[in-house]
Amino acid sequence: HGRIADGYFSLYSKDFDKSYIEKAVKIYADVIQEKGVTGEFRQQSLYKLGKCLELQDLTGMAMGKYEEVRTDYESQPAATALWYVKASNSLATLILNKGNPESAKKAITIYRSLIRQGIEPIEDYKSEILKIKHKYKL
């Protein structure tokens, strides 16, 4: 099912027909609900669902899916941290788009969690934290 959703996502990327993204959302949501879907595949589907929701301007819902990826990974790390990192970066970006010191502090917390997990590239996360602190005078 996930590959079918990926196909709809790709079709949307080519002609921006909203019906494709709506179909992808439904399929990703179904995949997440399937029994026995755990770990990396669940995290991947949650992340991709979040991206689809972002494309539909459903930012709050997208942020919720990125948070789910993070919670899921932190409670049962997958073989790879790929989806955790992608979700963390997407979440931090959306939070920073709010453009205030409170959101900047939340984004810093996200980058610190990546550092705490020992996920590379740690120096990049440290650099992002410094940029945010400088911009928001934290």
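**Helix packing and selected residues in a predicted model**

Helix α3 passes helix α4 in a left-handed crossing, a crossing being left-handed if the near helix is turned anticlockwise from the far one by less than a right angle, and right-handed if clockwise. Helices (H or I, at least four residues) are DSSP runs, numbered from the N terminus. The model is predicted, so that local features need pLDDT of at least 70 and side-chain atom pairs count only at pLDDT 80 or more, while totals for chains, interfaces and linings use all residues. Residues are numbered from 1 along each chain as its sequence is written, and side-chain values use heavy atoms, with hydrogens and water left out.

The axes of α3 (residues 39-55) and α4 (residues 59-75) come within 7 Å and cross at roughly 165 degrees. This makes α3 roughly antiparallel to α4 (angles over 145 degrees count as roughly antiparallel). Axes are lines fitted to C-alpha atoms, for helices over the stretch in contact, and angles run from 0 to 180 degrees between N-to-C directions. Residues of α3 including Leu 46, Tyr 47, Leu 49 and Leu 53 meet residues of α4 including Met 61, Tyr 66, Val 69 and Tyr 73, where contact means heavy atoms within 4.5 Å. The residues of this contact divide into 9 nonpolar, 3 polar and 6 charged. In this grouping Ala, Val, Leu, Ile, Met, Phe, Trp, Tyr, Cys and Pro count as nonpolar, Asp, Glu, Lys and Arg as charged, and the others, Gly among them, as polar.

Helices α4 and α5 pack at an angle of about 145 degrees, with their axes 9 Å apart, and this crossing is also left-handed. Among the α4 residues that make the contact are Ala 62, Met 63, Tyr 66 and Arg 70, and among those of α5 are Trp 83, Tyr 84, Ser 88 and Leu 91. The contact of α4 with α5 comprises 11 nonpolar, 3 polar and 3 charged residues.

Arg 70, in α4, is buried, with a relative accessible area of 8% (buried means under 20%, exposed over 50% and partly exposed in between, with a 1.4 Å probe and protein chains only). Its side chain is joined to that of Ser 88 by a polar contact of 2.7 Å. Such a contact is a pair of N or O atoms within 3.5 Å; within protein, one must be able to donate a hydrogen and the other to accept it, and residues adjacent in sequence count only if both atoms are side-chain atoms. Beyond four places in sequence, Arg 70 is in contact with Tyr 84, Ser 88, Leu 91, Ile 110 and Ser 113.

Ser 45 of α3 is buried at 2% relative accessible area and, neighbours within four places aside, touches Tyr 28, Val 31 and Ile 32. Ile 27 lies in helix α2 (residues 18-33) and is buried at 16%. Apart from residues up to four places away, Ile 27 touches His 1, Ile 4, Ala 5 and Tyr 8.

Most residues other than glycine have a negative phi, and most peptide bonds are trans. Asp 57, which is not a glycine, has a positive phi of about 60 degrees; Asp 57 is in the loop between α3 and α4 and is exposed at 65%. Lys 137, in the segment after α7, has a positive phi of about 50 degrees and is exposed at 73%. A cis peptide bond, with omega about 5 degrees, joins Glu 120 and Pro 121, and Pro 121 lies in the loop between α6 and α7 (122-136).

Notes
Helices (H or I, at least four residues) and strands (E, at least two) are DSSP runs, numbered from the N terminus. Angles under 35 degrees count as roughly parallel, over 145 as roughly antiparallel, 65 to 115 as roughly perpendicular and the rest as oblique.
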